[in-house]
Amino acid sequence: MFADQLNKIKSQVQGLTRIVVGLLFFSHGAQKLFGWFGADGTADLFSRMGVAGVLEFFGGAMIMLGLFTRPVAFILSGQMAVAYFWVHQPGGLFPWDNRGELAALYSWVFLLYATLGSGSFSLDGVFSKDKGG
């Protein structure tokens, strides 16, 4: 019975979670590009951190809006996997050793959205013929 109730709101929870994750990811890009949200400075646009900032800022906004969710989430999942292995993994194999928990978590969450789609409250749903996201 509880599972039936949760199934009724699955798409809404999926959509709300997508919005929150997109906002958090967007904020990382805004920190890197514009120094917003308490950042100490900005990244050079043509550095690895600058490219990451562009992907995080614009990708996070697209995820938040639910626009082209599957392909954008797939790209961002890859970005976070690369960030994990390039930046964090040299500090130790496991996330608890190398401070890579956030990169690993984002990578898997974005892979989930690439697989499941956007859920409710998305521009994908507005433009989709099947409304399935």
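Residues count as exposed when their relative accessible area is over 50%. The close-up views below are taken from a predicted model.

**Figure 1. Phe37, an exposed residue with a positive phi in the loop between H2 and H3**. At 51% relative accessibility, Phe37 passes the cut-off of 50% and therefore counts as exposed. The residue belongs to the loop that lies between H2 and H3. Most residues other than glycine have a negative phi.

**Figure 2. Arg99 in the loop between H5 and H6**. Helix H5 comprises residues 95-98, and Arg99 lies in the loop between this helix and H6. The phi of Arg99 is near 60 degrees, again a positive value in a residue other than glycine. With a relative accessibility of 71%, Arg99 counts as exposed.

**Figure 3. Packing of helix H4 against helix H6**. Two packed helices are described by the angle between their axes and the distance between the axes. For H4 (residues 69-88) and H6 (residues 101-116), the angle is about 160 degrees and the axes are 7 Å apart. H4 is therefore roughly antiparallel to H6, and it passes H6 in a left-handed crossing. On the H4 side, the contact is made by Thr69, Arg70, Ala73, Phe74, Leu76, Ser77, Met80, Ala81, Tyr84 and His88. H6 contributes Ala103, Ala104, Tyr106, Ser107, Phe110, Leu111, Tyr113, Ala114, Thr115 and Leu116. By class, the residues of this contact are 14 nonpolar, five polar and one charged.

**Figure 4. Ser77, a buried residue of helix H4**. Ser77 has a relative accessible area of 7% and is buried. Residues up to four places away in sequence not counted, Ser77 touches Ser107, Phe110 and Leu111.

**Figure 5. Crossing of helices H2 and H6**. The axes of H2 (residues 10-34) and H6 come within 12 Å and cross at roughly 135 degrees. This angle makes H2 oblique to H6, and the crossing is left-handed. From H2, the residues making the contact are Gln14, Thr17, Arg18, Val21, Leu24, Phe25 and His28. Their counterparts in H6 are Leu102, Tyr106, Val109, Phe110, Tyr113 and Leu116. The contact has nine nonpolar, three polar and one charged residues.

**Figure 6. The largest nonpolar core and a second, separate core**. The largest nonpolar core has 14 residues. Those with the most contacts inside this core are Phe25, Ile63, Ala73, Leu76, Met80, Tyr106 and Phe110. H2, H4 and H6 are the elements that give two or more residues to the core, and H6 gives the most, with six residues. Ile63 is in contact with Arg18, Gly22, Thr69, Val72, Ala73, Leu76 and Phe110, its neighbours within four places in sequence left aside. A second, separate core has five residues, including Phe26, Ala30, Phe57 and Ala61. In soluble globular proteins, nonpolar side chains tend to be buried together.

Figure 7. Neighbours within four places in sequence left aside, Met64 is in contact with Arg18, Ile19, Gly22, Leu23 and Phe26. Met64 and Phe26 are 38 residues apart along the chain, and their C-alpha atoms are separated by 8.3 Å.

Terms used: Residues numbered from 1 in each chain as written. Predicted model: local features only at pLDDT ≥ 70, side-chain atom pairs only at ≥ 80, totals over all residues. Heavy atoms only, no water. Axes fitted to C-alpha atoms, helices over the stretch in contact; angles between N-to-C directions. Helix = DSSP H or I, 4+ residues; strand = E, 2+ residues; numbered from the N terminus. Parallel < 35°, antiparallel > 145°, perpendicular 65-115°, else oblique. Left-handed = near helix turned anticlockwise from the far one by under 90°. Contact = heavy atoms within 4.5 Å. Nonpolar A, V, L, I, M, F, W, Y, C, P; charged D, E, K, R; others polar. Buried < 20%, exposed > 50% of the residue type's maximum accessible area, 1.4 Å probe, protein only. Core = buried A, V, L, I, M, F, W, Y, C linked by side-chain atoms within 4.5 Å.
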